[in-house]
Amino acid sequence: MAQTFEFTVNGAPRQVKAKADLPLIYVLRNELGLIGTRYGCGQEQCGSCMVLIDGEPSYACARAVDSVAGRTVQTIEDLGTVADPHPLQQAFLDEQAGQCGYCLSGILISAKALLDRNSNPSRADIVAALEGHLCRCGAHSRIIRAVDRAAVLLRGEGGA
Amino acid sequence: MSAEKSNLPLSLTVNPRLEQWLKFEADETVRVATGKVEIGQGVVTALSQIAAEELDLPLDQIVMLSGDSDEGPDERYTSSSLSIMVSGASIRLICAEARALLLARAALRLNCSAGQLSVEDGRILVDGAASEISYWSVAPEVDWSQAATGEVAPKAPAEYRIVGQSIPRQDLLAKLVGGAYIHDRIPEDVVHARMLRQPGRDAVLRTLDEAAVRHAAGGEIEIFKQADFVAFLGADEAVVEAAAAAAAEHAQWDKAPNIEPIQQEAAWLRGQPSDDRQYGAEEDLEAPGEIVEATFSRPYIAHASLAPSCALAQFTDGRLTLWSHGQGMHPLRRNIAEVLQLPIEAISAKHLNGPGCYGHNGADDVTLDAAIIAMNRPGRCIRLQWRREEEFAFEPFGPAMLVDLKVRIDDAGRPADWTTEVWSPTHVQRPGTGSGFLLAAAALPNPPPAPVPQDPLEEAGGGGTRNATPYYDIPKTRILHHLVTAPPVRTSALRTLGALPNVFALEAMIDDLAIRAGEDPLDYRLSMLSDPRARAVLETATKRANWSQRGTGGEGEGLGLAFARYKNTAAYAAVAVALHVDEQVHLDHIWVVADAGLVINPDGVRNQLEGGAVQGASWTLKEQVTMLGQGVTSLNWDSYPILRFSEIPGIEAEVLDQLEQPSLGVGECSVSPTAAAIGNAVAHALGHRIHDMPLSRERIIAALLN
């Protein structure tokens with residue numbers, strides 16, 4: 001039975017009608033058109049669908065929509081755009097951190113959560129933050145470097 | 001003339017007309033078409049660099065069209081590390097010729113000699129001074145339907161400004177801001193679809209409890225059935241997903257496969273029915289010298305793309321349009337035309353980005369699935385996505401392989417005679433090649449007969465025999481190839497084909513022979529390696545890895561080395577791996593050094609070398625497809641683990657500069673030497689050789705107990 005749920009998505013209040021147990025990923029992609037949240041496995045194993053719920057990285061593939069009622073959801077679309085990329089996205093570009101790129105939406109989300117709470121993470125901190133993510137192309141080293149570079153950018157270091 | 005023609009790259013022979021490659025657009029850009037597609041390897045960016053270089057245009061005036069069966073050239077599949085060697089060589093010749101034709105027209109207009117002309121941003125300069133004309137003002141005067149001659153000399157590498165630069169990938173930004181994939185094409189009134197897969201090509205659907213499936217779906221679905229092809233359609237993706245997730249347990253099949261436990265292991269292959277071939281000289285059984293033998297194996301492995309395959313199809317006014325993330329749009333169109341009995345011209349196949357595939361994954365099959373439904377629902381756009389479990393169960397796997405080596409040693413402890421005997425299912429069943437087929441064809445009424453397996457011949461780079469011949473100076477070598485014809489699962493192209501197990505075996509044997517001869521593995525290799533480019537990558541990699549300080553081993557710390565030239569004709573790569581072993585293998589550092597001839601985009605090449613090393617490491621340490629009964633049982637990332645962030649070592653990739661040498665395919669060259677270097681480093685660490693992949697915790701513990 002469809003019910004109405006209200007929550008905040010990328011800063012805007014949204015209202016959706018859905019079954020209570022509908023995974024959030026379908027709401028985001030198919031109802032709200034936020035296609036940057038990616039379906040990978042549907043089992044909380046690959047991290048492709050990671051979003052922030054009240055600032056915490058969460059798997060959108062397994063999270064029922066009723067559990068986000070009244071909360072704030074942040075997706076990759078809230079980071080930056082082609083014209084105005086977020087420092088994290090810029091750092092990934094600078095490091096050319098990615099190949100097929102399918103994993104990157106989720107990884108950027110977890111990286112953002114990390115940098116929001118730790119402006120100067122160690123390599124071990126970065127690895128721990130990304131441990132729930134899979135990358136099949138083997139871009140891991142570049143991704144780790146890119147998160148480190150983003151931290152530098154966000155701290156306002158590293159020159160102009 | 002015909003002799004010269006045969007020297008043209010294959011793509012130019014098949015697609016000779018200039019207009020199949022180039023189009024000068026009204027907005028003062030040039031559309032450059034390629035049949036090769038972006039799979040995350042950066043090839044479209046690299047090809048645009050080649051075009052911009054030869055046309056003397058900035059990159060922003062080049063617009064690439066990739067993977068379009070209507071308007072782009074047929075370059076078959078994006079595979080085998082051939083894109084730069086074949087498509088790149090074609091685009092270079094085409095653009096050089098186009099520039100010459102345009103300047104010839106400009107010279108007529110400007111009443112000067114072509115030699116006085118140069119080009120800046122597409123504007124024509126006369127003796128360095130601006131003229132009123134550009135490429136685009138003379139382009140209409142050129143007959144673009146003429147065939148390329150390939151006779152206009154491209155630029156000398158010393159003049160390159162764009163080729164050889166690490167230009168950022170064109171596709172990456174869109175992927176970083178949440179767009180760009182085929183999965184994201186969700187038209188307004190799309191029909192979502194999911195499959196119930198026939199468990200094997202002979203399986204016949206006995207019953208499907210449709211009421212139970214509808215109940216599980218929890219919303220409105222349509223059940224589409226044609227013989228043993230069953231799909232669930234609806235407006236709500238979550239509902240059709242739920243239907244498909246439940247369907248397998250409500251379906252009963254006759255003549256489903258029944259896989260025995262032993263069949264998932266490479267060891268099962270020995271003695272199975274096979275199509276046998278021999279390459280190389282007969283062995284002289286009377287020859288002197290001691291014989292050293294060993295057997296190595298690799299199990300079935302998966303592409304394990306990060307996303308399940310997806311396709312869209314729409315049949316409108318007699319035309320079928322397909323959107324696919326397959327690696328070849330022209331072959332896809334031909335193969336689907338054949339199954340659906342449509343004229344080829346009635347089908348358009350267009351490439352969109354997908355998850356990295358590294359070979360033949362489910363992308364082609366899912367496109368036929370969508371097409372079958374689209375043909376029966378004219379006007380509707382069908383979006384069919386495989387389920388995660390479906391991708392793991394039904395992708396064509398990288399074949400298990402068993403590699404027997406038999407080496408006759410001379411008085412100096414070096415191989416005098418070398419036999420590599422390979423047992424393997426086929427490595428190529430891409431639709432339209434050899435024994436290839438599209439999965440759903442077997443589920444339709446009047447299915448085609450089962451194909452007779454074929455494998456690429458050694459002359460064509462080989463499948464199971466790829467890199468089975470050592471690159472070292474060995475007087476006599478041969479390959480005995482057993483193409484196993486009835487494996488328990490479908491197999492096809494996966495990055496490096498048979499090269500990984502072969503190089504793993506060959507380079508292990510070389511290390512063991514060095515130890516036997518009491519020599520350092522590097523010195524031993526160099527003593528029988530006359531190709532200076534091969535020596536250079538080995539010498540550089542070992543210098544980076546501080547090889548001269550390598551310990552005696554046996555105490556848990558290992559440093560291993562391996563070398564291969566991919567296909568024995570493409571890029572050279574040497575890899576050194578430092579690791580330590582407790583109950584399992586921990587990678588500490590990987591050094592990759594490659595020689596790929598002329599490099600178009602150095603950072604792009606390093607990215608490929610790094611990614612190849614990680615994928616090779618993951619296969620070597622962790623991966624095995626498991627199967628039992630009706631099919632595959634490794635259906636998720638828990639049962640099919642791959643290397644994770646915490647397991648990634650430091651990686652340094654270096655490309656040796658070879659400006660004056662032809663480009664050599666580089667996308668796969670680091671994979672197999674990494675696998676072999678890990679094998680050798682583990683042997684160094686343990687003082688004991690493990691012959692079977694993966695070098696898992698279980699195998700390490702077993703080795704320690706020995």
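Two residues are in contact if their C-beta atoms, placed from the backbone, lie within 7 Å. Keep this cut-off in mind for the exercises below. The model is predicted.

**Exercise 1. Two helices in chain A**

Task: Find which residues of α2(A) meet which residues of α3(A), and describe how the two helices pack.

Solution. 
Step 1. Locate the helices. Helix α2 of chain A covers residues 87-94, and helix α3 of chain A covers residues 104-117.
Step 2. List the contacts. From α2(A) come L88(A), Q89(A) and F92(A). From α3(A) come L104(A), L108(A), A111(A) and K112(A).
Step 3. Sort these residues by class. The contact of α2(A) with α3(A) has five nonpolar residues, one polar and one charged.
Step 4. Recall how such a pair is described. Packed helices are given by the angle between their axes and the distance between the axes.
Step 5. Read off both values. The angle is about 125°, and the axes of α2(A) and α3(A) are 10 Å apart.
Step 6. Name the arrangement. Angles from 65 to 115 degrees count as roughly perpendicular and those over 145 as roughly antiparallel. The pair α2(A) and α3(A) is therefore oblique.
Step 7. The crossing of α2(A) and α3(A) is right-handed.

**Exercise 2. Two domains in chain A**

Task: Say where the domains of chain A lie, and which elements of domain 1 touch domain 2.

Solution. 
Step 1. In chain A, domain 1 is 2-76 and domain 2 is 87-154, according to the domain assignment.
Step 2. Take the distance. The C-alpha centres of the two domains of chain A are separated by 22 Å.
Step 3. Count the residues in contact. Domain 1 of chain A gives 14 and domain 2 of chain A gives 13.
Step 4. Find the elements on the domain 1 side. In chain A, β3 (50-53) and β4 (56-59) each supply at least two residues. The largest share, three residues, comes from β3(A).
Step 5. Sort the domain 1 side by class. It has seven nonpolar, five polar and two charged residues.

**Exercise 3. Where the chains meet**

Solution. 
Step 1. Count. Chain A brings 45 residues and chain B brings 43.
Step 2. Name the elements. In chain A, two or more residues come from each of α1 (24-31), α2, α3, α4 (123-130) and α5 (140-154).
Step 3. Sort the chain A side by class. There are 22 nonpolar, 19 polar and four charged residues.

**Exercise 4. Domains in chain B**

Task: Describe the contact of domain 2 of chain B with domain 3 of chain B.

Solution. 
Step 1. The assignment for chain B gives domain 1 (2-167), domain 2 (184-255 + 305-394) and domain 3 (401-705).
Step 2. Take the distance. The C-alpha centres of domains 2 and 3 of chain B lie 35 Å apart.
Step 3. Count. Domain 2 of chain B gives 24 residues, and domain 3 of chain B gives 24.
Step 4. Find the elements on the domain 2 side. In chain B, α9 (329-340), α10 (363-376) and α11 (388-394) each supply at least two residues.
Step 5. Sort that side by class. It has eleven nonpolar, five polar and eight charged residues.

Key
Residues are numbered from 1 along each chain as its sequence is written. Chains are lettered from A and ligands numbered from 1 in the order in which they are written. This is a predicted model: local features need pLDDT of at least 70, side-chain atom pairs count only at pLDDT 80 or more; totals for chains, interfaces and linings use all residues. Axes are lines fitted to C-alpha atoms, for helices over the stretch in contact, and angles run from 0 to 180 degrees between N-to-C directions. Helices (H or I, at least four residues) and strands (E, at least two) are DSSP runs, numbered from the N terminus. Angles under 35 degrees count as roughly parallel, over 145 as roughly antiparallel, 65 to 115 as roughly perpendicular and the rest as oblique. A crossing is left-handed if the near helix is turned anticlockwise from the far one by less than a right angle, and right-handed if clockwise. Ala, Val, Leu, Ile, Met, Phe, Trp, Tyr, Cys and Pro count as nonpolar, Asp, Glu, Lys and Arg as charged, and the others, Gly among them, as polar. Domain bounds come from an automatic or database domain assignment.
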